[in-house]
Amino acid sequence: MSNLTFDTWWLLPLVVVLPVIAVLVLRHAFRERMRRLERLGTLDVVSRLFPAASLTRPRWRMVRLGLASALVGTAAAGPRWGDERTVSRSRGIDMVLSLDASLSMLAQDERPSRLERMKQEVRRLRALSAGDRMGVLAFAGRSYVLSPLTIDEGALDLFLDNLDPSVVGQAGSSLARTIKQGVDLLTLTNSGADRALVVMSDGEAFEPMEDVVVEAKRAAEQGISVVTVGFGTTQGGELPIKSGNGTTAKRDENGAIVISRYHPEFLQAAATAAGGTFIDAAATDKAARVKAALATLRRQARTSVGGSTKTPRYQLFLFPALLLLLVDTVLTERRGRHRAAPAAAHTAAAAGLLLALVLSGCAGASRNQQGVAAYRGGQFTRAASLFRDAISAGDKKPETMYNFGTALLSADSLQSATEALGRLTDSKDPEVRFRTLFNIGLAHLKRGLAAPAGQGDEALDSALVAYKKVLLLRPTDFDAKWNYELALHAKKSGGGGGGGGGGGGSNQSQQRPNPQPSGGLGQQQAEQLLGSAAREERDTQSKRQKQNRVEPPPGGKDW
């Protein structure tokens, strides 16, 4: 019991107070009884009229009730010892989401745009698909893997938030290439679950339809279910392009304004060739329709192990206390019929009072406050457990969710932390959103720095994405600048290091620890390094895109 802790340590004085009260009450009752008997006459005469037990000091009863009171006080404090790990079980399929990130998805014939409508449906689909492993592809003229198959919702949110035409280096639109890459990605998995490819696009593809049909048939041959989902309208819309301080309409090579229209024939042909399902752009609740189309697929049981927590042991103290109260009731009844009923009634009342005290003490204790106290005391795993209990009990406040994810991060449960914090990236509270993105970036940065040389690029890229968004919210935040520069440096050199810290609790219940970067750089030097590293990253990405650029689609159409 070296790791003994208490949920409500401030109730520990009850271990002493309750026995003292029980003894004092019994002594007072005995003295009052003796005082009343003395009024009837001498004790020698009175003792012949009453049972001997009623004239004897209740020493053993004081011991029984005092010990029971001490046990109740201990139970009320919520003792815990012995580690246990939380295990969550779910069932799901393997699903790859192939998302159109071409310029045509910026058309606003669907409000606010086709791209944003697609993101909304993806988020709803993910919420309906608990237990499913998901991978994300982004495609335009080429197809890119943004995320391999994972259950890490935080990572999926980051990639989804950052999805726009700048993510893909090749303009245009090619459904055949993304179907091919999606099939390749799904064939690499051996989880035992059925596989599905969900393609979301406006269908405006500049390639022969035969190419799309060939790749869709290949998906069917591999046993992969294909669902195609359309976005946009046949009337179409203009494509807004940023120009200087404003936006202008996209124009083709002849100077005419481009009108991008929804083309269902490509999506319908792909679904038909694969024996899958086509969901038209005019359909409502597309996410639910996708889920229904995949409802018959075989799911694989999955087990994920959460953080460790100490086992509650209050019952080991509460049950002996109740047993002592029952024994006291039985012994009191044997003293005599005249005094048995009142004694039993008083004992039952005492038992009810003590039990009510335990219940009220446990119910009144705030798990959230206990978690904050545990975090401040450096007990990060226990803090995460307390915040998880609060959430399970119905506390869905953003501050509690943030505290839970941050405690997991401090306990080095990095994947679980990103999953928990990822649910808050759309928070309307700018403070919560800032701290959430900061800590998500820190989680990815830790993973990237801890990975072997050459294997942490994906995590470092995710950290860069998160800190870019942080710096958009607060451009002068020194810790975010430092961690961003550190991620860039680590990605270039493969070296390690330590980043600034994140938030330690919600902005209402706990102050964020002030993270201090290691080393002797001043803020101005760090900003210079940040600017230099950012320019180098842009140059590197530009060179890579130029090296990977293929011939433009037929007709030179780049949307």
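Is Asp161 buried or exposed? Asp161 counts as buried because its relative accessibility is 17%, where buried means under 20% relative accessible area, exposed over 50% and partly exposed in between (1.4 Å probe, protein chains only).

Welcome to this predicted model, in which local features need pLDDT of at least 70, side-chain atom pairs count only at pLDDT 80 or more, and totals for chains, interfaces and linings use all residues. Residues are numbered from 1 along each chain as its sequence is written, and side-chain values use heavy atoms, with hydrogens and water left out.

Let us begin with salt bridges (a side-chain nitrogen of Lys or Arg within 4 Å of a carboxyl oxygen of Asp or Glu). By this rule the count comes to 24, including these pairs:

| Pair | Closest N to O |
|---|---|
| Arg80 and Asp7 | 2.7 Å |
| Asp132 and Lys291 | 3.2 Å |

Asp132 lies in the loop between α4 and β4 (133-139) and Lys291 in helix α9 (residues 286-293), so this pair ties together parts 159 residues apart in sequence. Helices (H or I, at least four residues) and strands (E, at least two) are DSSP runs, numbered from the N terminus. Both Asp132 and Lys291 are buried. Shared partners also join Glu110, Arg117, Glu121, Arg124 and Asp285 into one salt-bridge network.

Arg80 and Asp7 are both buried as well. Arg123, by contrast, is partly exposed, with a relative accessible area of 21%.

Elsewhere, Leu424 sits in the loop between α15 and α16 (430-450). Leu424 counts as buried, at 7% relative accessibility.
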